[in-house]
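Hi everyone, thanks for coming. Let me put today's structure on the screen, and then we can walk through it together.

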Amino acid sequence: MTSTNTNSPNFYYPPGGILMGIIIFLELFTYGVSLIVMVYYGQEEAKVFHESRLRLNITIGTINTMLLITSGFFMATGVAYFKNKNFSKAAFFIKLTILGGFLFLGFKSFEFYEKIEAGLTLGTNTFFTFYWLLTVFHYIHVVVGIIILFSILRGVAKGESNIEDIEASAAFWHMCDLIWLLLFPILYLLF
Amino acid sequence: MKKDNVMTWLFLMVLTIISVLFSTNRAHSIGYVILGLAAIKFIGVAFQFMEFKKAHTIWKTSIYIFLFLFVFVIVILLK
């Protein structure tokens with residue numbers, strides 16, 4: 001069964017489909033609870049969290065936030081072009097989205113390298129335990145998102161992708177963006 | 001290119017820069033401002049880019065409930 005009108009306010013068709021909707025809420029709930037627990041510990045060990053937060057590279061965090069927002073914008077634009085059956089422009093914007101994802105991973109990898117070089121690892125203190133767990137899991141999500149985008153890009157080029165595939169892939173990519181929008185202020189700015 | 005998406009993108013970029021600038025201020029209330037800005041950005045991405053604005057009311061309400069609970073619990077913890 002295929003849905004022909006993906007814009008109707010159908011409960012069974014949130015952005016990306018019902019399964020993707022459930023996954024997105026599960027992910028948001030998991031990260032949300034983790035961040036709340038982190039803030040709880042941040043209040044218990046305020047000095048440690050403040051000093052540790054100052055050792056993060058806010059410039060890279062900010063650039064990465066802008067990269068993910070921009071790649072999300074490119075993805076939304078790509079979906080709009082696909083809906084208008086302009087497949088070449090849709091493919092172009094999906095490529096730009098992938099580029100944004102790779103740049104994010106590049107900057108994040110550099111930041112990870114900086115932290116390891118400085119001896120700031122998972123066991124350094126509570127702040128860095130949360131930092132590593134949350135950011136590495138998010139990093140993995142971005143890697144998976146890029147793999148999904150490559151697969152739909154292939155489908156778009158061959159004319160095999162349909163709007164459900166594109167919307168589900170876009171929803172996963174935007175989910176990575178949403179998670180980062182929660183991670184960034186709490187890890188880099190709050191303490 | 002959708003004009004709404006372009007405007008949302010610009011708005012989100014400006015909010016990101018503002019929240020980073022605010023973070024240099026160590027006043028206790030700045031934490032609430034940073035959380036508020038993050039919540040606005042979250043809504044911008046979810047409703048405009050992700051097109052939750054076109055989803056069923058239950059999904060839209062769920063997003064708002066999640067965000068409200070997340071921000072509310074953190075505000076309580078920060079007090």
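I'll talk about a pocket, and then about a pair of helices. Please keep in mind that this is a predicted model.

Let's begin with the pocket. Rolling a probe the size of a water molecule over the atoms shows where empty space is left. Here, the largest pocket holds about 280 Å³ of space. Which residues lie nearest its centre? They are A:Gln43, A:Leu190, A:Phe191, B:Arg26 and B:His28, out of 17 residues that line the largest pocket. H2(B) gives the most, with 3 residues. If you sort the lining by class, you get 9 nonpolar, 7 polar and 1 charged residues.

Now for the helices. Two packed helices are described by the angle between their axes and the distance between the axes. Take H6(A) and helix H3 of chain B, residues 57–78: their axes come within 13 Å and cross at roughly 15°. Because that angle is under 35 degrees, H6(A) counts as roughly parallel to H3(B). The crossing of H6(A) past H3(B) is right-handed.

So who touches whom? From H6(A) we have A:Leu182, A:Ile186 and A:Leu190, and they meet B:Phe66, B:Phe70, B:Ile74 and B:Leu78 in H3(B). What classes do the residues of this contact fall into? There are 7 nonpolar, no polar and no charged.

Look out for A:Leu190, please: it belongs to this helix contact, and it also lies among the residues nearest the centre of the largest pocket.

Methods: Residues numbered from 1 in each chain as written. Chains lettered and ligands numbered in written order. Predicted model: local features only at pLDDT ≥ 70, side-chain atom pairs only at ≥ 80, totals over all residues. Heavy atoms only, no water. 1 Å grid on protein atoms, 1.4 Å probe; cavity = no way out; pocket = protein on both sides within 12 Å on 5 of 7 lines; lining within 4 Å. Points joined across faces, edges and corners; volume = space filled by probe spheres on them. Helix = DSSP H or I, 4+ residues; strand = E, 2+ residues; numbered from the N terminus. Nonpolar A, V, L, I, M, F, W, Y, C, P; charged D, E, K, R; others polar. Axes fitted to C-alpha atoms, helices over the stretch in contact; angles between N-to-C directions. Parallel < 35°, antiparallel > 145°, perpendicular 65-115°, else oblique. Left-handed = near helix turned anticlockwise from the far one by under 90°. Contact = heavy atoms within 4.5 Å.
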